[in-house]
Amino acid sequence: MSSSPALSARGSRLALLVVGLCWLAVLFDGLDMFIYGSVLPHLLETKTFGLTPDTAGDLGSYATFGMLIGALTAGTVADRIGRKKLMVGCVILFSLASGVCATAGSVEVFGLGRTLAGVGLGGLLPTAISMVSDYAPRGRGAIVIGLLMTAHHAGGILSAYVAKWLIDPVGWRAAFWVCVLPVLFAPVLAKLLPESLSFLVAKGRADEARELATRYDVELPAAKSGKQGAADRWNALQNLFRGGEWTQTLLYWLASFGGLLLVYGVATWLPTLMRAEGYELGSALSFVVVFNLGGIVGMLVAGRAADRFGAPRISAIWFALTAAGVFLLSVHMPMSATMIVVFLTGVFLNSAQTMIYATVSIRSHAGDRATAVGWTSGMGRFGAVFGPWLGGQLLASGHGDWGFTSFAIAGLSSMVFIGIAALRSAKQTPRGADQELVGAH
């Protein structure tokens, strides 16, 4: 039965409210994630805390290690306290952790702040994706998630401007104090954001969920036939390695490892490596803005390209183009040409990883799909930890000119792994099968 115009309008307003609040939360997530890379050239130049490139790489990995912990625990915590409370808690955690960084008197305290921030950052994004999926208008889930992911790159753009405006006149600590301000957004989130419909249904609060869904004309998630226990989850994981599936699974994991190594390695070291190539600090931070503008464009076009040509093919092509772009960044070109390369690299890099998740989702058996995507993401996050560390080690050893080349090699390896996995897969997906755009970070 079709919904009345009044109900549809209310549903649209609720979707706009939820997506808007989650978009702002993810914007602050991106600001906090990228701010370290934006201030890093200044920290190294002034030798703050006696910082060296290898120590700086370690600090970059602390945040991504915290994100690994946050992502792995987010589902369990959300199932216990609710997605709304978890989102509020994550915003408070990474905001206050930035305060720890702003007041740090030693590299150890600064590292603790980055680790705690990472836990909050890692828990927020998957929870926000779940929230907007619940309240997205019918048939618009993928595009809404793609829109949400643009907020992360908008936060990266904001981080570059915060660094440009504050470092010289005020100092690097001011940039981290700006990252504390989102704590003021937490009460707004707590007051205005409705609870996840999926959580309400899972907790047996069906009447509350039904009343909310009916009032705002949104889909009510189907109740699970039974809660998945540890044995069910273990069986789903084992299915990824039965028969010939183990080769396919390892190929997906290796592709994800290289993809997130590339994403977080470049995100952490782009301004510093561009400085090493001879660009001024202001220009190096402008590259961060252009790179993240490319990321926004990439997130908006990746799903459409995958729908037309297939996610596996787009993932492989995207990684090849990313590798070419990252390698070209090691070549000193005219500023206009460099800006174009940085933009295009941002377009392809930030959505190539997304296409790995889409490929895994499409090629997996329905009963194992969530486990397959979750573990592919989890294995990839080890690459996210390794990428910032690798950049620091190369700079510390005097091989900074190999930084972009190493990241380009990671992109090529992901292209090879996802390409082989796609060719090996005998599973055919019916045309028009549902594809959900999953966040790459």
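**Cysteines and an enclosed cavity**

The sulfur of Cys179 lies 8.8 Å from the closest cysteine sulfur, which belongs to Cys101, and this is too far for a bond, since a disulfide requires a pair of cysteine sulfur atoms within 2.5 Å. The model is a predicted one, and the values below are computed from it.

**Cysteines**

- The structure holds 0 disulfides, and the separation of 8.8 Å between the sulfurs of Cys179 and Cys101 is in keeping with that count for this pair, being too far for a bond.
- Cys179 has a relative accessible area of 1% and is therefore buried, as the limit for that class is under 20%.
- Cys22 likewise counts as buried, because its relative accessibility is 0%.

**Cavity: count and volume**

- When cavities of 30 Å³ or more are counted, the structure has 1.

**Cavity: lining**

- The residues that line the largest cavity are Met33, Phe34, Tyr36, Gly37, Gly60, Ala63, Arg114, Ala267 and Thr268.
- Two or more residues of this lining come from each of the elements α1 (5-45), α2 (53-81) and α11 (245-276).
- Of the elements, α1 makes the greatest contribution to the lining of the largest cavity, giving 4 residues.

Notes
Residues are numbered from 1 along each chain as its sequence is written. This is a predicted model: local features need pLDDT of at least 70, side-chain atom pairs count only at pLDDT 80 or more; totals for chains, interfaces and linings use all residues. Side-chain values use heavy atoms; hydrogens and water are left out. On a 1 Å grid over the protein atoms alone, a cavity is a set of points where a 1.4 Å probe fits but cannot get out, and a pocket is an open set with protein on both sides within 12 Å along at least five of seven lines; lining residues have an atom within 4 Å of a point. Grid points are joined across faces, edges and corners, and a volume is the space filled by probe spheres set on the points. Buried means under 20% relative accessible area, exposed over 50%, partly exposed in between (1.4 Å probe, protein chains only).
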